[in-house]
Amino acid sequence: MRVRTPEDSGNADLVEITPDGEVTLKMRPDPSGHRQWFYVELVDVKNQRVVVNIQNAGEASWPLGWEGYQAAVQDGGWPWARADHTSYQDGVLRIEHTATTDRLALATFAAYPITRHQALIACAVASPRVRREVLGRTHDGRPMELLRLGRDDAEAPRVWIFARQHPGEVMAEWFMEGLLARLADPEDETVARLLRQAALRLVPNMNPDGSARGHHRVNAKGVDLNRAWAEPIDAPEVAAVRARMDQEGVAIALDIHGDEEVPFTFLISAQGVPRFDAALEAEFAQFRAAWNQLDPLMSLKDGAPPTAPGEGHLGVSTKQLAARFGALAATVEMPYRSAPGEDFGPSHAKSLGESCVEAVLAALAAGRAGAPIAPR
Ligand SMILES: [Zn+2]
């Protein structure tokens with residue numbers, strides 16, 4: 001058996017393979033010291049019972065996230081699934097799985113390498129509806145890609161959906177994959193209605209450097225992009241997107257994430273900033289209720305503690321966009337682990353990406369149909 005860390009998005013180093021074949025790994029911290037993301041491949045493992053111990057799981061940023069957690073595995077070319085058995089004890093995460101092919105990949109959640117991101121963009125632009133633009137470059141020189149769909153006139157409400165500011169929250173890009181597949185479907189009349197009403201602005205990957213480097217939370221310079229929206233210092237990714245938002249406006253903003261600890265999907269509002277008033281709060285509640293009604297996978301529960309008035313962190317995208325534009329802005333959080341009996345995976349993230357089409361339409365119908373709101 002051999003263990004390799006993929007160059008694209010891999011994380012964790014081999015510590016040892018014992019004579020009886022047990023593998024011990026150590027997660028690498030990203031430049032901010034965060035660690036939760038692991039992604040390795042075991043080769044020559046056909047018909048073997050693989051046992052992998054992640055030695056420093058107790059030093060993860062959210063060790064509570066390992067309670068009741070099951071690691072993601074990909075056996076050869078099969079879709080990602082969950083390992084046969086995962087347990088967490090004394091700071092060690094132990095993963096056991098019987099491989100049926102020669103190659104077994106293990107990750108915190110179904111990996112979404114930068115090569116898959118590139119394939120996603122290539123597939124998206126094959127649709128005549130989708131226009132690709134490069135808004136800027138990252139520290140590592142990667143393109144910051146924007147996909148434009150729908151209306152393009154100045155009056156159209158701008159609907160921004162962006163994902164993976166935190167690169168280890170890979171479910172966010174699975175969400176975008178589901179959304180983009182649906183948006184490209186010429187037969188889908190609901191999509192056609194949305195595209196007639198709004199200008200869609202999608203950024204499927206806000207942090208391509210962090211994704212490629214296998215970081216859990218930050219960009220190449222160690223910046224947490226979702227704390228950089230007030231002052232994007234060393235965050236060219238945010239600077240590029242925010243500059244375009246200032247030109248075009250923002251009516252609705254959805255920022256797609258994963259939550260390491262909470263075992264269900266939920267939304268976080270822009271609560272805590274000055275322009276988040278009773279009207280915006282009501283709009284948020286309506287938006288959440290509409291999404292939940294269309295897709296029960298989107299819960300009505302609050303997975304995050306409330307933010308007191310004036311306490312909203314303006315470096316967080318949704319808080320900044322509500323404060324800057326009066327936008328209906330929400331953070332979408334999806335789980336790494338699932339409620340007992342459920343198994344949240346890429347297909348669930350994709351289905352949430354699909355159902356957000358109706359939720360956005362409902363928000364537009366409820367009063368977000370006007371002109372884009374200019375920045376203050
Ligand atoms: Zn996040």
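Val 52 stands opposite Ile 95 in strand 9. The model is predicted: local features need pLDDT of at least 70, side-chain atom pairs count only at pLDDT 80 or more, and totals for chains, interfaces and linings use all residues. Residues are numbered from 1 along each chain as its sequence is written. Helices (H or I, at least four residues) and strands (E, at least two) are DSSP runs, numbered from the N terminus.

Strand 5 (residues 49-54) and strand 9 are joined by 6 bridges and run antiparallel. They belong to an open sheet of 5 strands, in the order 2-3-5-9-8, with mixed pairing. Two strands pair if DSSP finds at least two bridges between them. Strand 2 (13-17) and strand 8 form the edges, and each pairs on one side only. From one strand to the next, the twist averages 20°. Axes here are lines fitted to C-alpha atoms, for helices over the stretch in contact, and angles run from 0 to 180 degrees between N-to-C directions.

Strand 8 is joined to strand 9 by 5 bridges, and the two run antiparallel. Ser 87 has Arg 94 as its bridge partner in strand 9. In a regular strand the side chains alternate between the two faces of the sheet. A residue is buried if 20 or more other C-beta atoms lie within 10 Å of its own, exposed if 12 or fewer, and partly exposed in between, with C-beta atoms placed from the backbone.

The hairpin of strand 8 and strand 9 has 2 residues between the strands. Asp 90 lies in this loop, between strand 8 (85-89) and strand 9 (92-98). Its phi is near 50°, a positive value in a residue other than glycine. Asp 90 is exposed, with 7 other C-beta atoms within 10 Å. Arg 164 also has a positive phi, of about 70°, although it is not a glycine. Arg 164 sits in the loop between strand 13 and helix 2. Arg 164 counts as buried, with 28 C-beta neighbours inside 10 Å.

Another open sheet has 7 strands, in the order 11-12-14-13-15-17-16, again with mixed pairing. Its edge strands are strand 11 (131-137) and strand 16 (266-268), each pairing on one side only. The twist of this sheet averages 25° from one strand to the next. Strand 11 runs antiparallel to strand 12 (residues 143-150), and 5 bridges join them. Arg 137 has Pro 143 in strand 12 as its bridge partner. Helix 2 (residues 171-183) packs on the sheet. This helix touches strand 12, strand 13 (158-163), strand 14 (199-203), strand 15 (252-259) and strand 17 (328-335). The direction of helix 2 makes about 135° with that of strand 15. Two residues are in contact if their C-beta atoms, placed from the backbone, lie within 7 Å.

Gly 150 lies in strand 12. With 21 C-beta neighbours inside 10 Å, Gly 150 counts as buried. Leaving aside residues up to four places away in sequence, Gly 150 touches Leu 194, Leu 195, Ala 198, Ala 199 and Leu 200. Val 241 is 91 residues from Gly 150 along the chain, and their C-alpha atoms are separated by 18 Å.

Helix 1 (residues 114-125) has 12 residues. From first C-alpha to last, helix 1 reaches 17 Å, close to the 16 Å expected at 1.5 Å a residue. The expected span is 1.5 Å times one less than the number of residues. His 117, Leu 120 and Ala 124 are buried in helix 1. Seen down the axis, the buried residues of helix 1 fall within an arc of 55°, so they line one face of the helix. The arc is that of the directions from the helix axis to the C-beta atoms. Thr 115, Ala 119 and Ala 122, on the other side of helix 1, are exposed. The cover over its buried residues includes strand 12, helix 2 and helix 4 (208-213).

The secondary structure of the chain comes to 8 helices and 17 strands. The radius of gyration is 20 Å, close to the 21 Å that the globule rule gives for 376 residues, so the chain is as compact as a globular protein of that length. This radius is taken over C-alpha atoms, and the globule rule is 2.2 Å times the number of residues to the power 0.38. Of the 376 residues, 49% count as buried.
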